[in-house]
Amino acid sequence: MSTEAGTDRLAGLLAEHAALETELADPAVHADQSRARRLGRRYAQLAPIVETARGLDAARDDLTAARELAAEDASFAAEATSLEQRIDELTEKLREQLLPKDPDDDKDVILEIKAGEGGAESALFAGDLLRMYLRYAERRGWSTEILDAVDAELGGYKDVAVAIKSRTDEGIWSRLKFEGGVHRVQRVPVTESQGRIHTSAAGVLVLPEAEEVDVTVDPNDLRIDVFRSSGPGGQSVNTTDSAVRITHLPTGIVVSSQNEKSQLQNRESALRVLRSRLLAAAREEAAAAASDQRRSQVRTVDRSERVRTYNFPENRISDHRVNYKAYNLDQVLDGELDGVIDALDRAHTAELLAAGS
């Protein structure tokens, strides 16, 4: 991003922040809670940029004063040097804050985990991953809701979907968007009698949760089938046809839900997942039509890659995209994910900075 373009962008964001402050001070705005929340989120998103810009302006003013005083009193020279360093730090921070933002960063997410290679052990690992994300959400004060779950016979899940929502203005997609991909586990399965280490995997898909205003779903484009919910091994767990399968005919996307007891609740859960998958598909299509540089900014992580390995014998977690390695796997599985997520975020920021320069 050029200096001139950066200055123009900053001026626009500062003006937007001031306008939002005026809007949010109007009691009439809060009569529409959805709008008030949307404006509040954007205001909170801009607040760090405004704070840095104001700090930078203040430091520049102080430097001018310190230099004038240093001409008469040499003791002010050290203060001027310190302020120059402070200005460099704030300038770099502001440059990072002005990078193009993912339009979905402030959204809640729907996270799906599917057992893959490894049979029963993969399903158990899918259960471990679900617990890890639930514990991480709990640590950050997010709320969670299981939308659908297909239990496995020996424990864990064949397939599970969970909605993760922020109770504040914190965007969840910004923290979890790089979790998508194939997660591999290396350990001795409970079913292994010889003590041999096995490798199995589970797939994680993270979708920004779409609101109805983001995606319009035409009821005529849907085929809705109902069936009886089933538990591990295929046994029936419900005596009524309450489970719902929805097929979106134009795209062929199929979603199902059987976690709730009523057909209506399962239909709404399935529609939530469908809307989010349609939004993600639209984002992917837009990214594919853009330039290679823009595509790399929108989609740093290839969803089909094996992104991470969880090695139990060595208590090691490795993220292969950024060469992150730590020996605190037990803590990570208990929800201490910030270390690896921060490493991914730093790498993504560095990539954007390199592309911008």
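## Terms and basis

A polar contact is here a pair of N or O atoms within 3.5 Å, where, within protein, one atom must be able to donate a hydrogen and the other to accept it, and where residues adjacent in sequence count only if both atoms are side-chain atoms. The model is predicted, so that local features need pLDDT of at least 70 and side-chain atom pairs count only at pLDDT 80 or more, while totals for chains, interfaces and linings use all residues. Residues are numbered from 1 along each chain as its sequence is written, and side-chain values use heavy atoms, with hydrogens and water left out.

Thr-309, which lies in strand E9 (residues 306–311), is buried, with a relative accessible area of 3% (buried means under 20%, with a 1.4 Å probe and protein chains only). Its side chain makes polar contacts with the side chain of Arg-184 at 2.9 Å and with the side chain of His-320 at 2.7 Å.

## The sheet

Strand E9 belongs to an open sheet of eight strands with mixed pairing, in the order E2-E3-E1-E5-E4-E9-E10-E11 (strands are DSSP runs of at least two residues, and two of them pair if DSSP finds at least two bridges between them). The edge strands, each pairing on one side only, are E2 (143–151) and E11 (324–326).

Within this order, E1 (residues 109–115) and E3 (residues 157–165) run antiparallel and are joined by six bridges, and Glu-112 stands opposite Ala-161 in E3.

Key
Helices (H or I, at least four residues) and strands (E, at least two) are DSSP runs, numbered from the N terminus. Buried means under 20% relative accessible area, exposed over 50%, partly exposed in between (1.4 Å probe, protein chains only).
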